Amino acid sequence: MKKTFWLSIPLAMMVGVSGCASTGTDGQQQGSGNTKTWSGAGIGAVAGAVAGALTGDGGSSTRDRALIGAAAGAAIGGGVGAYMDSQEKELRNRLDGTDIGVERNGNDLILNMPSSVTFDVDASDLKTAARQALNDVNAVLRSYPETRINVAGYTDSTGSNSYNQKLSERRAQSVATYLEQGGVDGGRINAVGYGESNPVASNDTESGRAQNRRVEITLTPTQQS
């Protein structure tokens, strides 16, 4: 059984890869632009193969169960990757030129909103530029409901730790409230403040402190996505 199972793993990877190849309008297969989707499908294929091989009622071979599990796993893994690929592309297009960064970490998307966009010093009221940018973010989030939204607020090191903690919480809540007012389901949103922790630049300079006064929005796919 062990030999049969391990021989099925390369076949599982082939299932994952073949399931990710898409055909463009010119009939050519497209692959280079879908690296994350391929990765998700490949991981899903192997996980599905393992799960399929370890289950069953004895009526099918280990190899057959592994391949069936691989196919299901590839579909699930590739689907999540494709869902986040599409959301990432739309966010990048809409936020181009706004100074809001869009980063990819696995299947998570991270929107970095610096102080130049979000808040004045020692303030938690959203600037006009922040509201305009969040209107675009709102439109995307409404179109992709199968993501969880974590809003994290940060400050620079000026002031006491307790004051900065509360300020960061107010900043995170301001963004979360604006998203909800824009039509995003509040049940998807979590707001948290981290005070002056996790700086991304030195607090010894004004430019560094400005970078640390930020809000990060992390989008994580749900199981349904």
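## Aromatic pairs

The count of aromatic ring pairs comes to two. The model is predicted. A pair of aromatic rings is described by the distance of the centres and the angle of the planes.

## Tyr-83 and Tyr-144

The ring centres of Tyr-83 and Tyr-144 lie 5.4 Å apart. Their planes stand at 80°, so the pair is edge-to-face. The cut-off for that class is over 60 degrees.

This pair links distant parts of the chain. Tyr-83 sits in helix H3, residues 62–95. Tyr-144 sits in the loop between helix H4 (128–143) and strand E5 (147–153). The two residues are 61 residues apart.

Tyr-83 has a relative accessible area of 18% and is buried. Tyr-144 is at 10% relative accessibility and also counts as buried. Buried here means under 20%.

## Tyr-154 and Tyr-194

The rings of Tyr-154 and Tyr-194 have centres 5.4 Å apart. Their planes are at 15°, so this pair is stacked. Stacking requires planes under 30 degrees apart.

Distant parts of the chain are linked here too. Tyr-154 belongs to the loop between E5 and helix H5 (161–181). Tyr-194 belongs to the loop between strand E6 (189–193) and helix H6 (206–212). The separation is 40 residues.

Tyr-154 counts as buried, at 6% relative accessibility. Tyr-194 is partly exposed, with a relative accessible area of 34%.

## A charge over Tyr-154

Tyr-154 has a further contact: Arg-214 lies over the face of its ring. The distance from the ring centre is 3.8 Å.

Notes:
Residues are numbered from 1 along each chain as its sequence is written. This is a predicted model: local features need pLDDT of at least 70, side-chain atom pairs count only at pLDDT 80 or more; totals for chains, interfaces and linings use all residues. Side-chain values use heavy atoms; hydrogens and water are left out. Rings of Phe, Tyr and Trp (its six-membered ring) pair if their centres lie within 6.5 Å; planes under 30 degrees apart count as stacked, over 60 as edge-to-face and the rest as tilted. Helices (H or I, at least four residues) and strands (E, at least two) are DSSP runs, numbered from the N terminus. Buried means under 20% relative accessible area, exposed over 50%, partly exposed in between (1.4 Å probe, protein chains only). A charge sits over a ring if NZ of Lys or CZ of Arg is within 6 Å of the ring centre and within 35 degrees of the ring normal.
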